[in-house]
Amino acid sequence: MKPKTYKITVKIWLYPGESSNWHFISVPKKESADINTRFSEFKKGWGSLPVQVTLGKTTWKTSIFPDKKSNTYLLPLKAQVRRKEGLEVHDSVTVKFNVLV
């Protein structure tokens with residue numbers, strides 16, 4: 001399968017809950033639909049897909065997870081990445097990622 005790089009600009013959000021510290025970005029619906037079409041046969045536990053992500057000068061591997069409520073994929077942002085890039089909730093970020101299959 002030919003690799004595809006997705007490039008999105010979105011805002012960081014905090015998972016709801018009083019003591020939550022989980023930061024995410026939501027992959028827009030258009031890109032999420034394309035990912036689902038191209039890579040659905042490769043889904044892992046909970047429908048996750050492994051990805052390699054670049055944000056600013058930081059590159060790392062993680063997974064994206066489907067969110068049935070919004071019909072998009074969610075990409076978690078590690079605290080280490082947020083600190084290194086100086087990011088906080090509601091910041092707008094440009095992210096590039098590839099699904100690893």
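Which residues is Ile-35 in contact with, leaving aside its neighbours within four places in sequence? Hold that one for a moment while I say what we're looking at.

This is a predicted model, where local features need pLDDT of at least 70, side-chain atom pairs count only at pLDDT 80 or more, and totals for chains, interfaces and linings use all residues. Residues are numbered from 1 along each chain as its sequence is written, and side-chain values use heavy atoms, with hydrogens and water left out.

Okay, back to Ile-35. Its partners are Tyr-6, Val-27, Ser-40, Leu-49, Ile-64, Tyr-73, Phe-97 and Val-99, and contact here means heavy atoms within 4.5 Å. Ile-35 also turns up in the largest nonpolar core, which has 23 residues; Ile-25, Ile-35, Leu-75, Val-95 and Phe-97 touch the most other members. By core I mean a set of buried Ala, Val, Leu, Ile, Met, Phe, Trp, Tyr and Cys residues joined through side-chain atoms within 4.5 Å. Buried is under 20% relative accessible area, exposed is over 50%, and partly exposed is in between, with a 1.4 Å probe and protein chains only. Two or more core residues come from each of strand 1 (5–11), strand 3, helix 1, strand 4 (49–55), strand 5, strand 6 and strand 7 (92–99). Those helices (H or I, at least four residues) and strands (E, at least two) are DSSP runs, numbered from the N terminus.

Now the sheet. Strands of a sheet pair through backbone hydrogen bonds, either parallel or antiparallel. Ours is an open sheet of 7 strands in the order 1-7-4-5-6-3-2, with antiparallel pairing. Strand 1 and strand 2 (13–14) are the edges, each pairing on one side only. Pairing means DSSP finds at least two bridges between two strands.

Let's walk in from the strand 2 side. Strand 2 joins strand 3 over 2 bridges, with Leu-14 opposite His-23. His-23 also stands opposite Leu-77 in strand 6, and 5 bridges link strand 3 (residues 23–27) to strand 6. Strand 6 itself is mostly covered, with 6 of its 6 residues buried. Strand 5 meets strand 6 through 3 bridges, and Asp-67 faces Thr-72 there. Those two strands make a hairpin with 4 residues between them, and Asn-71 in the turn has a positive phi of about 60°.

Thr-62 sits in strand 5 and counts as buried because its relative accessibility is 18%. Beyond its sequence neighbours within four places, Thr-62 is in contact with Leu-49, Pro-50, Val-51, Val-53 and Pro-76. Thr-5, in strand 1, is partly exposed at 48%. The C-alpha atoms of Thr-5 and Asn-98 are 4.9 Å apart, although 93 residues separate them along the chain.

Last stop, the largest pocket: about 190 Å³ of space. A pocket is an open set of points on a 1 Å grid over the protein atoms alone, with protein on both sides within 12 Å along at least five of seven lines; lining residues have an atom within 4 Å of a point. The volume is the space filled by probe spheres set on the points. Helix 1 gives the largest share of the lining, 4 residues.

Conventions:
1 Å grid on protein atoms, 1.4 Å probe; cavity = no way out; pocket = protein on both sides within 12 Å on 5 of 7 lines; lining within 4 Å.
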